Amino acid sequence: MNDIIFVARIHNGSLGTCVRVNSFVDGENVIRDWVRDQFGRDITEDENEILVNTGEFYSDEDADNEYTFSLGMLE
């Protein structure tokens, strides 16, 4: 069975959109696009380093709306 790589959007602890991607690099690019669409900005260098090292983007800029965009794999 082939592993499935996906990106998940989590808002305030609730699972939202999940999309299948072909690679972790493709997933990182999806997350960068989601950040641009959600927050109207590119990710910072520090955020990019975290994304590349952990597969995750997290934002609590607005205390009422916490977002996590995360890479995952189904085996």
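Helices (H or I, at least four residues) and strands (E, at least two) are DSSP runs, numbered from the N terminus. The model is predicted: local features need pLDDT of at least 70, side-chain atom pairs count only at pLDDT 80 or more, and totals for chains, interfaces and linings use all residues. Residues are numbered from 1 along each chain as its sequence is written, and side-chain values use heavy atoms, with hydrogens and water left out.

**View 1. Order of elements in the protein chain.** The pattern along the sequence of the protein chain is β-β-α-α-β-β. Two helices and four strands are present in the protein chain.

**View 2. Pairing of strands E1 and E4.** Strand E1 (residues 4-11) runs antiparallel to strand E4 (residues 65-74), and eight bridges join them; two strands pair if DSSP finds at least two bridges between them. Arg9 has Phe69 in E4 as its bridge partner. In a regular strand the side chains alternate between the two faces of the sheet.

**View 3. The hairpin of E3 and E4.** Five bridges pair strand E3 (residues 56-62) with E4 in the antiparallel sense. Two residues lie between E3 and E4 in this hairpin. The bridge partner of Asp62 in E4 is Asn65.

View 4. Of the 75 residues, 32% count as buried, that is, under 20% relative accessible area with a 1.4 Å probe, protein chains only. Among contacts (heavy atoms within 4.5 Å) with a separation of 6 or more, 45% are between residues 24 or more positions apart.

Methods
Buried < 20%, exposed > 50% of the residue type's maximum accessible area, 1.4 Å probe, protein only.
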